[in-house]
Amino acid sequence: MANFKDIKGFIFDLDGVITLTSKYHGQAWHQLADELGVTWTKALADGLKGISRMDSLEMILKAGNKENDYTEEEKIRFAAKKNDNYLTLIGKMTDEDILPGIPAFLKDLAAHNYKICLASASKNSPIILEKLDLVKYFPIVVDPSKLKKGKPDPEIYVRGAELLHLKPEECIGIEDAAAGIQAINGAGETSIGIGDATELSAADIRFARTTDMTLVNIEAAMKINA
Ligand code: BG6
Ligand code: MG
């Protein structure tokens with residue numbers, strides 16, 4: 001693992017790290033899975049976290065052995081329907097929906113002159129940053145529509161470091177999903193997982209809650225694991 005003193009930037013996932021939109025993505029996919037007659041399981045729900053919209057749809061169809069049942073146009077319609085449901089679910093979000101500890105952590109990073117960027121697979125992330133009043137912390141956002149491959153491919157985290165003008169070993173990536181941790185590790189950055197120990201076993205550092213993610217705790221964890 002890198003040395004804490006070499007770290008110059010933090011690359012954030014959005015859904016499930018900064019706010020619980022992960023729950024709304026899950027609900028909207030669950031509804032579509034029901035409509036398509038695909039059994040919804042916890043394993044399917046966990047596996048979808050961090051995965052792009054069209055890749056998520058493919059995973060759901062595959063789980064129901066329906067991957068060859070629909071045309072491209074039908075699939076695009078299903079994905080658009082899921083997104084409409086999702087936009088309804090996030091409609092009333094405000095800055096009160098930011099996870100606890102995140103505003104203080106962002107303030108601390110800014111006060112210590114760390115560079116910050118967003119590496120979310122979601123095309124909705126600009127709207128969510130607006131709703132949460134966090135645009136000021138994230139002037140730099142990786143555009144997922146410009147990427148060739150989604151998480152777990154490292155491309156989004158490689159791009160994040162490039163946009164910050166940092167080397168991968170100078171960056172920490174923060175994720176709530178196994179696919180995201182795989183992407184950070186593949187990019188050669190230090191990974192922080194927020195959430196379940198089993199799901200995030202590949203993370204360099206893990207915190208159960210966002211309130212545990214402080215610079216002091218990160219420095220301590222990097223020393224212990226060094
Ligand atoms: C990720 C979420 O951040 O974005 C996934 O974890 C979601 O659940 C993906 O499918 C794509 O989001 P969107 O908003 O572009 O459909
Ligand atoms: Mg996430």
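This is a predicted model: local features need pLDDT of at least 70, side-chain atom pairs count only at pLDDT 80 or more; totals for chains, interfaces and linings use all residues.
Asp15 lies in the loop between β1 (9-12) and α1 (21-36), and Asp176 in the loop between β3 (171-175) and α8 (178-186); the two are 161 residues apart and link distant parts of the chain. Helices (H or I, at least four residues) and strands (E, at least two) are DSSP runs, numbered from the N terminus.

I then checked burial, where buried means under 20% relative accessible area, exposed over 50%, and partly exposed in between (1.4 Å probe, protein chains only). Asp15 is buried at 12%, and Asp176 is buried at 10%.

**Conventions.** I note that residues are numbered from 1 along each chain as its sequence is written, while chains are lettered from A and ligands numbered from 1 in the order in which they are written. Local features need pLDDT of at least 70, side-chain atom pairs count only at pLDDT 80 or more, totals for chains, interfaces and linings use all residues, and side-chain values use heavy atoms, with hydrogens and water left out.

**Ligand 1.** I found 15 residues around ligand 1 (a heavy atom within 4 Å), of which Asp15, Arg53, Ser122, Lys123 and Asn124 come nearest. Both α1 and α3 (53-63) supply at least two residues of this shell. I listed polar contacts, which are pairs of N or O atoms within 3.5 Å. Oxygen atoms of ligand 1 lie 2.7 Å from a polar backbone atom of Ile51, 2.7 Å from a polar side-chain atom of Arg53 and 2.6 Å from a side-chain N or O atom of Asn124. On its own ligand 1 has 390 Å² of accessible area (Shrake-Rupley method, 1.4 Å probe), and the protein covers 97% of that.

**Backbone.** Most residues other than glycine have a negative phi, and most peptide bonds are trans. I looked for departures. Lys151 and Pro152 are joined by a cis peptide bond with omega of about 15°; Pro152 is in the loop between α6 (125-131) and α7 (155-163). Asn65 has a positive phi, near 55°, in the loop between α3 and α4 (72-89), and is exposed at 65%. His165 has a positive phi near 60°, sits in the loop between α7 and β3, and is exposed at 70%.

Technical notes. A polar contact is a pair of N or O atoms within 3.5 Å; within protein, one must be able to donate a hydrogen and the other to accept it, and residues adjacent in sequence count only if both atoms are side-chain atoms.
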